[in-house]
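Hi,

Here is the structure I promised to pass on.

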Amino acid sequence: MFRCPALNPYQYVQEGCTDSERILCCLIDRLHPAANAAGHELTEEERVWFLDSFGWEMTPGNKMNFLLYDGELLYVHTNYADSLYVSRLANGAMFATTPLGRHRWTPVVFTTLCAYKAGQLAYTGTNHGNEYIDNEADTYFLFLDYAAL
């Protein structure tokens, strides 16, 4: 269902059958050469730039919500309206797909990669503007994927 040709090679080598797994495989395959090309482990700023660029490529016509932690930074992204929220706390932040409890929840920054360090927003990527909007064709293909399980 994912409309990104870069993910096609992973469709037949992945263990499961989700787009998420294909995205992660592609991300890892690209991350290692990027570090080798830099000649060092990527810095925080380089990793944010790398993931920001990756998002620009993956999101046109595709839904891509994620929370990804690399041991230092928590990367947060959504391009699907009203599907990811943040509640800022004195010592950090909580994320949820639906506002929970009595906390004050706000939508996560839309169509923009954000990176949190020690619970605080540390980096904000560039707004790619690629909002995903549900459509009948995608729903049909999603149904076919799950029907095969």
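**Cysteines**

Let me start with disulfides, meaning pairs of cysteine sulfur atoms within 2.5 Å: the structure holds 0 of them. Cys-4 is in no disulfide, and its nearest cysteine sulfur, in Cys-26, is 6.7 Å away. Cys-4 is also buried, at a relative accessible area of 5%. (Buried means under 20% relative accessible area, exposed over 50%, and partly exposed in between, with a 1.4 Å probe and protein chains only.) For Cys-25, the closest cysteine sulfur is again that of Cys-26, but at 8.7 Å it is too far for a bond. Cys-25 counts as partly exposed, with 26% relative accessibility.

Residues are numbered from 1 along each chain as its sequence is written, and side-chain values use heavy atoms, with hydrogens and water left out.

The pLDDT (the predictor's confidence in each residue, from 0 to 100) averages 89 over the protein, and 90% of the residues score at least 70. Helices (H or I, at least four residues) and strands (E, at least two) are DSSP runs, numbered from the N terminus. Where pLDDT is low, the predicted coordinates should not be read in detail.

Two strands pair if DSSP finds at least two bridges between them.

Strand 3 (residues 85-89) is joined to strand 4 (residues 92-96) by 5 bridges, and the two form a hairpin with 2 residues between them. Here Arg-88 has Ala-93 as its bridge partner, while Ser-87 has Met-94. Towards strand 5 (residues 106-107), strand 3 makes 2 bridges, also running antiparallel; Tyr-85 has Pro-107 as its partner there.

On a 1 Å grid over the protein atoms alone, a cavity is a set of points where a 1.4 Å probe fits but cannot get out, and a pocket is an open set with protein on both sides within 12 Å along at least five of seven lines; lining residues have an atom within 4 Å of a point. Grid points are joined across faces, edges and corners, and a volume is the space filled by probe spheres set on the points.

The second largest pocket holds about 300 Å³. It is lined by 15 residues, and those closest to its centre are Leu-31, Leu-42, Arg-47, Asp-70 and Tyr-75. Helix 1 (19-38), helix 2 (44-58) and strand 1 (66-69) each give two or more residues to the lining, with the largest share, 5 residues, from helix 1. By class, the lining has 11 nonpolar, no polar and 4 charged residues. (Ala, Val, Leu, Ile, Met, Phe, Trp, Tyr, Cys and Pro count as nonpolar, Asp, Glu, Lys and Arg as charged, and the others, Gly among them, as polar.)

The count of cavities of 30 Å³ or more comes to 1. The largest cavity has about 40 Å³ of space, and helix 2 gives the largest share of its lining, 3 residues.

Cheers

Key. This is a predicted model: local features need pLDDT of at least 70, side-chain atom pairs count only at pLDDT 80 or more; totals for chains, interfaces and linings use all residues.
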